[in-house]
Amino acid sequence: MNNFLRAQSCGAKNFFPLPNAIFSLGLSTGELAVYAYLMYCEDRKSHQCWPSYKTIGEAVGMSRNTVQKYVREMEYKALIITEPTKYESAGGHVRNGNLIFTILPIQGAIEYHNECQLSR
């Protein structure tokens with residue numbers, strides 16, 4: 001059985017939604033890759049995920065700094081928001097944790113994109 005048929009027989013649990021409109025926003029291939037990975041990781045109820053830059057980079061074949069650049073671009077384009085987290089180490093020190101990524105409704109990004117196009 002080929003991989004396509006095997007994936008179909010396993011049901012929807014092996015797939016994640018990617019909005020069709022994402023391809024109309026003029027994103028770079030890097031932005032698309034990072035966005036797709038965040039969608040893959042997201043909790044479908046809260047629309048949040050918390051992978052590290054390193055984990056994202058390993059998944060999509062980019063350096064940590066490149067992932068950071070694309071995350072900033074996607075924040076600017078109203079696709080995601082990020083929130084810092086903190087945790088207490090075993091030694092009692094408070095340290096920075098992974099960011100919490102919240103995937104925003106695609107409609108806001110479409111409106112932002114359209115406003116930018118009109119202002120040109």
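1. H47 is found in the loop between α2 and β1 (48-49), where helices (H or I, at least four residues) and strands (E, at least two) are DSSP runs numbered from the N terminus. Although H47 is not a glycine, it has a positive phi of about 60°, and with a relative accessible area of 38% it is partly exposed (buried means under 20% relative accessible area, exposed over 50%, and partly exposed in between, with a 1.4 Å probe and protein chains only). A second case is A78, in the loop between α4 and β2 (80-83), which has a positive phi of about 65° and is likewise not a glycine; A78 is partly exposed at 23%. Both deserve a look, given that most residues other than glycine have a negative phi.

2. A word on the basis of these remarks. This is a predicted model, in which local features need pLDDT of at least 70 and side-chain atom pairs count only at pLDDT 80 or more, whereas totals for chains, interfaces and linings use all residues. Residues are numbered from 1 along each chain as its sequence is written, and side-chain values use heavy atoms, with hydrogens and water left out.

3. The largest nonpolar core has 24 residues, a nonpolar core being a set of buried Ala, Val, Leu, Ile, Met, Phe, Trp, Tyr and Cys residues joined through side-chain atoms within 4.5 Å. The residues with the most contacts inside this core are L25, V34, Y35, L38, L79, I80 and F101. At least two core residues come from each of α2, α3 (53-60), α4 (64-76), β5 (100-103) and α5, and α2 gives the most, with five.

4. Leaving aside neighbours within four places in sequence, I80 is in contact (heavy atoms within 4.5 Å) with L38, V71, M74, E75, F101, T102, I103 and L104. V60, placed in helix α3, is partly exposed at 24% relative accessibility, and, not counting residues up to four places away in sequence, V60 touches A33, V34 and Y37. V60 and V34 are 26 residues apart in sequence, yet their C-alpha atoms are 6.9 Å apart in space.

5. Helix α5 (residues 106-119) has 14 residues and reaches 20 Å from its first C-alpha to its last, close to the 20 Å expected, the expected span being 1.5 Å times one less than the number of residues. Within α5, I106, A109, I110 and H113 are buried. Seen down the axis of α5, the buried residues fall within an arc of 100°, so they line one face of the helix; the arc is that of the directions from the helix axis to the C-beta atoms. What covers these buried residues includes α2 (29-41), whereas E115, L118 and S119, on the other side of α5, are exposed.

6. The cysteines form zero disulfides by the rule that a disulfide is a pair of cysteine sulfur atoms within 2.5 Å. The sulfur of C41 is 5.3 Å from the closest cysteine sulfur, that of C49, which is too far for a bond. C41 is partly exposed at 27% relative accessibility, and C116 is partly exposed at 24%.

7. An unreviewed UniProt entry carries the annotation "transmembrane region" for residues 20-38; such annotations may be inferred rather than shown by experiment, with positions given in the numbering used here and feature names shortened. In the model, residues 20-38 are 53% helix and 0% strand, and the end C-alpha atoms are 16 Å apart.
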